[in-house]
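Thank you all for coming.

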Amino acid sequence: MPSRLLAQEEAAVPDVQRLLVQFQDEGGQLLGSPFDVPVDITPDRLQLVCNALLAQEDPLPLAFFVQDAEIVSSLGKTLESQAVETEKVLDIIYQPQAVFRVRAVTRCTSSLEGHSEAVISVAFSPTGKYLASGSGDTTVRFWDLSTETPHFTCKGHRHWVLSISWSPDGKKLASGCKNGQILLWDPSTGKQVGRTLTGHSKWITGLSWEPLHVNPECRYVASSSKDGTVRIWDTTAGRCERILTGHTQSVTCLRWGGDGLLYSASQDRTVKVWRAHDGVLCRTLQGHGHWVNTMALSTDYALRTGAFEPAEASVNPQDLQGSLQELKERALSRYNLVRGQGPERLVSGSDDFTLFLWSPAEDKKPLTRMTGHQALINQVLFSPDSRIVASASFDKSIKLWDGRTGKYLASLRGHVAAVYQIAWSADSRLLVSGSSDSTLKVWDVKAQKLATDLPGHADEVYAIDWSPDGQRVASGGKDKCLRIWRR
Amino acid sequence: MLQNEYIELPRKRYGYQAHERSKKAKKMIGLKAKLYHKQCRAEKIQMKKTIKMHEKRNTKQKNDEKTPQGAVPAYLLDREGQSRAKVLSNMIKQKRKEKAGKWEVLLPKVRAQGETEVLKTERKKKARKRMVTKVCFVGDGFTRKPPKYERFIRPMGLRFKKAHVTHPELKATFCLPILGVKKNRSSPLYTTLGVITKGTVIEVNVSELGLVMQGGKVIWGKYAQVTNNPENDGCINAVLLV
């Protein structure tokens, strides 16, 4: 069928230069056999051909790359800028894009007041149904998204609520405070579930749940603290299961990977890799010259959303349906899709102005060192399809890097003060950033430009999150109010 | 008798003069009394304070479990305050202040500078020119008037373009370019001339501080008040009026 299409074109324009091309996927696997196309072929035609070769039921949107340059207008134009031998077979790499499209948020639909101190952390549940926020007034608040009003106020902490984390099935929320206590909440009733988990001697810097595809009951949660230890808690029994010591200074970031490994980054300039089920230290990744502030895994988004597929999102977010086994299978298939062939990749950002790309399950040497920032890096995030890494820094810029090789792609400038946090939209096309200059900015990643500017906060923006169904962005800051932004 | 025992002698002779103070206080009248009573009152207050402090030290206080102010997220906890100026006031506050035309100035009382101090008369033939002896600011596009018509001379050596502006809350000082002289408290004439003396309100270019208004617009000009005598120091020190 593809050859018939091309034969028609050939008959129309007989004297255009032709090339032999071979489709290849990101992992290097070849698709079909080489065939020839005219040089002025456009990405739409290429998409038709490729979809036919892939034999998909619904046509997937695809992006095509020739030696790292994207084919935008026609194959000929892209080749002009590169030195390509027309005698050999040309490799075109195709990348499936997300089927659904998230639209950029443009307006603030509500400003939710209620907290009496600065809002420090904000998180949407994995399906996007609930919104939780932790604040300096020691309460955790749940907000009803359909009416944009307060739902529950959860009191229990005695100091600032520094970090909150949803379990991957969306049924529990864990919150850690500056006194080192962790509480669990039920979003449908607003009441505390189980006992207060005490044990850390200093404040909690991060919380991470066990992935859904390993245990669909979501029983274990890991917490990192300034006292230099990582503790794994059993939420049903309400006690500490294991304590992982080894870091000599505060543990700043924690991630529970999908392969049974736990990653912790610390101010002692190292990242340690632990085996989750028995707490044994596997590897220590060294290389940074100053505190390691933040980490990101290539499969982060898939682990966070679990069995929820953003493409199937509806206007009114629903809870996850299905038995535990079904949820586990769905989560596992999504995880494997994002992970691809190789092992999980890890990016760490530090106070020494550089990032490192590691493949921690294999090697303790970094894959690449990504330099370019002029001030410390506050947050790094992989895009949901794990192709791009975005890093937010105190030098007022956000830099985009290739997720596989660590090569520098672009700088996004526009903020006038330090960029604190960033969040990706579920289709990996948009990025929102919150900064100390009280504005949020939505960036179009493909064009590498600013899409919308969202002013409105009266003071610094401390926390932002994009809901997994792509409809809303929530942001909270020093001015004590939580803002919800929609299209 | 030994020297040092002289002090204790009246006490030895006449005993403790009890009620001495109250006798004095009762008998005094007039301005002397007022001053004396004021002094006594101050002493009484101080005594009460020290007694209370001693009491507190002795009893054990219940720990006031109030969460401290200034909540910051985990990534800012180990860091000190920002090195850049942060967003300070709302748009409403700004508008209100500008409407009222009042600024909370730090030097409310400024010594008025007389004409003879600021201007030095030059008598050349019949032309009466006056030379400004204080530091002044002239704009970018300043050109002198033709010599026959100029009445005030502002020497180049006393013209300044930049001021050292301190941010009062951050306690950080920046060298910012001056945009203009807003008001010189001594006389409107000096304002139009651009004479800068202690207490003058000037407008400075703050775009490098990165302040943003609520509407998302970047603030690039703010008022500051001069705090030193620039003609004596050779530089202009000012405090930003927020």
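This is a predicted model: local features need pLDDT of at least 70, side-chain atom pairs count only at pLDDT 80 or more; totals for chains, interfaces and linings use all residues.

In chain A, among contacts (heavy atoms within 4.5 Å) with a separation of 6 or more, 52% are between residues 24 or more positions apart. For chain B, the share of contacts joining residues at least 24 apart, among those between residues at least 6 apart in sequence, is 51%.

Residues are numbered from 1 along each chain as its sequence is written, chains are lettered from A and ligands numbered from 1 in the order in which they are written, and side-chain values use heavy atoms, with hydrogens and water left out.

Let me take the secondary structure next, where helices (H or I, at least four residues) and strands (E, at least two) are DSSP runs numbered from the N terminus. Chain A has five helices and 36 strands, whereas chain B has eight helices and eight strands. Of the 487 residues in chain A, 58% are buried, and of the 242 residues of chain B, 28% are buried; here buried means under 20% relative accessible area, exposed means over 50%, and partly exposed lies in between, with a 1.4 Å probe and protein chains only. The accessible surface, from the Shrake-Rupley method with a 1.4 Å probe and, for residues, with only the protein chains shown counting as cover, is about 19,400 Å² for chain A, with 47% of it belonging to carbon and sulfur atoms. For chain B the accessible surface is about 18,100 Å², and 54% of that belongs to carbon and sulfur atoms.

Now to the annotation. In the model, residues 244-274 of chain A are 0% helix and 58% strand, with end C-alpha atoms 8 Å apart. Residues 454-487 of chain A are 0% helix and 50% strand, and there the end C-alpha atoms are 11 Å apart.

Which residues does the side chain of A:H200 meet in polar contacts? A polar contact is a pair of N or O atoms within 3.5 Å, where within protein one must be able to donate a hydrogen and the other to accept it, and residues adjacent in sequence count only if both atoms are side-chain atoms. The side chain of A:H200 has such a contact of 2.8 Å with the side chain of A:S223, and another of 3.4 Å with the side chain of A:T229. A:H200 sits in the loop between β13 (182-185) and β14 (204-209) of chain A, and A:H200 counts as buried because its relative accessible area is 6%.

A:S133, in strand β8 (residues 130-135) of chain A, is also described as buried, at 0% relative accessibility. Its side chain makes a polar contact of 2.9 Å with the side chain of A:H115. Leaving out residues up to four places away in sequence, A:S133 touches residues including A:V119, A:W143, A:I164 and A:L482.

Finally, where do the two chains meet? In this model 37 residues of chain A are in contact with 25 residues of chain B. The residues of chain A that lose the most area to chain B are A:W160, A:V416 and A:Y462, together 20% of what that side buries. The two chains bury about 2,500 Å² between them, 55% of it on carbon and sulfur atoms, where buried area is the accessible area (1.4 Å probe) that two parts lose on being put together, summed over both.

A:Y462 lies in strand β34 (residues 461-466) of chain A and is buried, with a relative accessible area of 2%. Apart from neighbours within four places in sequence, B:Y75 is in contact with A:N378, A:Y420, A:Q421 and A:Y462.
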